[in-house]
Amino acid sequence: MDSKGNLYVSDYSNNRIVRFDDAANKASGASANGVIGQSSWTSSTLSTQRNGLQYPSGIFVDSQDRLWVADKSNHRVLRYDNPDTLDGSGGVAPDADAVIGQASWTGHASGTTRSSLDSPSAIFVDSSDRLWLLDQFNARILRFDNAGSLDGSGGTAPEASAVIGQASFTTNSTGESASLMSGEERGLWLDEEGNLWVSDTNNHRVLRFSDAATLDGSGGTAPEADLVLGQADFTSRLINAGNGFGSAVPNGMYYPQGVGIMDGRLLIGSRNNRILGFDLYPMVATSSVSNVAGVSASSGGNVTDDLGKTITARGVCWNTSGSPTIQDSCTNDGSGAGSFSSTLSGLSPNTTYYVRAYATNSAGTGYGTAKTFTTSSGGGTAVPLSAAWALLVALLLLAVAVARLKSEGR
């Protein structure tokens with residue numbers, strides 16, 4: 001979903017992406033507003049062209065509202081810079097703006113090199129413009145730095161900056177260990193602490209690679225995950241039955257698919273017809289914003305769950321671009337669980353800000369839902385209406401008294 005509330009859906013077998021504008025306010029059964037990858041609402045043609053798709057899998061909308069598509073069977077990633085304006089239903093399928101994984105718009109060869117892909121399945125673009133890509137049949141994750149500037153359509157496919165899951169850019173080994181995966185990975189997500197979570201589907205587990213931006217196996221040693229969910233250790237591969245074959249258990253998995261994080265909770269979908277939720281970081285809610293003036297405002301939060309670990313810092317953080325973190329402007333409003341109040345200062349007049357509460361303990365930092373507000377055009381703190389009326393009445397009374405004294409010759 002983009003910043004305007006438009007929802008994008010990968011319609012895999014119809015070889016298209018459909019867009020639902022202002023999705024939260026749609027009625028059930030509402031029609032889509034735009035289609036990418038096809039030139040009508042009723043076509044589902046496979047295509048290797050600039051305006052076509054072949055079984056699109058993972059999609060992602062970044063902080064600049066650009067749409068990234070893992071075009072799986074074309075072994076490429078496509079970028080659409082203004083997807084909310086695109087619609088092929090009138091007869092012309094929209095063109096992509098950039099391609100990664102191929103050296104032209106029509107190339108669709110698979111490969112195991114630094115610049116080629118084999119069935120990319122999931123994608124994530126972080127706030128530092130790094131593209132994280134699950135290169136499924138190569139059993140690896142590739143990282144492309146400065147992704148927004150990359151494009152292979154001119155004849156040279158962009159090269160990845162780092163690899164996780166392999167010890168070089170030219171191997172595609174599979175296995176069950178802290179450094180190898182099954183070759184059937186289906187989901188990945190980078191959390192705000194910089195940890196990469198990977199759904200290793202056929203190994204029935206989810207892996208965490210901490211501080212992922214520092215990892216790279218291209219020098220000869222594949223990086224190791226430091227946490228596994230769904231298995232008791234990194235070498236086990238037990239199937240958590242369910243799905244008609246037995247009883248599912250809370251700490252096991254059966255072909256985990258997509259992963260994501262919302263409000264400090266890791267969410268994992270699986271073929272057990274369920275979504276598992278793991279609380280990772282402190283749970284905190286953001287208070288409403290009030291007393292908004294030109295250079296200040298008030299907010300706060302409520303730490304509702306410390307996950308059994310002492311809260312060492314809490315407060316609110318804010319910025320003007322969205323999804324603020326403790327790396328942005330923030331307050332420090334004590335420690336411990338429960339409610340707290342915060343004052344935002346040093347703001348600029350007539351500016352829109354994003355603010356959310358945070359809470360930190362030994363597990364990391366959890367954030368509440370972001371809220372937006374716009375400062376007033378003048379500086380200082382707004383004067384309440386009642387105070388303004390009182391001041392006006394006092395001035396009028398003073399003027400009357402002065403006039404009376406003058407009339408009496410005093």
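Predicted model: local features only at pLDDT ≥ 70, side-chain atom pairs only at ≥ 80, totals over all residues.
The largest nonpolar core comprises 33 residues, of which Trp132, Ile141 and Leu196 touch the most other members. At least two residues of this core are supplied by each of strand S8 (120-125), strand S9 (131-135), strand S10 (140-144), strand S11 (162-164), strand S12 (185-190), strand S13 (196-200) and strand S14 (205-209). Another core, of 14 residues, lies apart from it and includes Val316, Leu347, Tyr353 and Ala357. In soluble globular proteins, nonpolar side chains tend to be buried together.

An open sheet is formed by four strands in the order S4-S5-S6-S7, with antiparallel pairing. S4 and strand S7 (98-100) are the edge strands, each of which pairs on one side only, and the twist from one strand to the next averages 20°. Within this sheet, strand S5 (residues 67-71) is paired with strand S6 (residues 76-80) in the antiparallel sense over five bridges, and Val69 stands opposite Leu78 in S6.

Ser47 is placed in the loop between strand S3 (34-36) and strand S4 (56-61). Because its relative accessibility is 15%, and buried residues are those under 20%, Ser47 counts as buried. The side chain of Ser47 reaches the backbone nitrogen of Gln49 at 3.1 Å. When neighbours within four places in sequence are left aside, Ser47 is in contact with Gly52, Leu53, Gln54, Asn74 and Arg76.

How values were computed. Residues numbered from 1 in each chain as written. Heavy atoms only, no water. Core = buried A, V, L, I, M, F, W, Y, C linked by side-chain atoms within 4.5 Å. Buried < 20%, exposed > 50% of the residue type's maximum accessible area, 1.4 Å probe, protein only. Polar contact = N/O pair within 3.5 Å; in protein donor to acceptor, adjacent residues only side chain to side chain. Contact = heavy atoms within 4.5 Å. Pairing = 2+ DSSP bridges. Axes fitted to C-alpha atoms, helices over the stretch in contact; angles between N-to-C directions.
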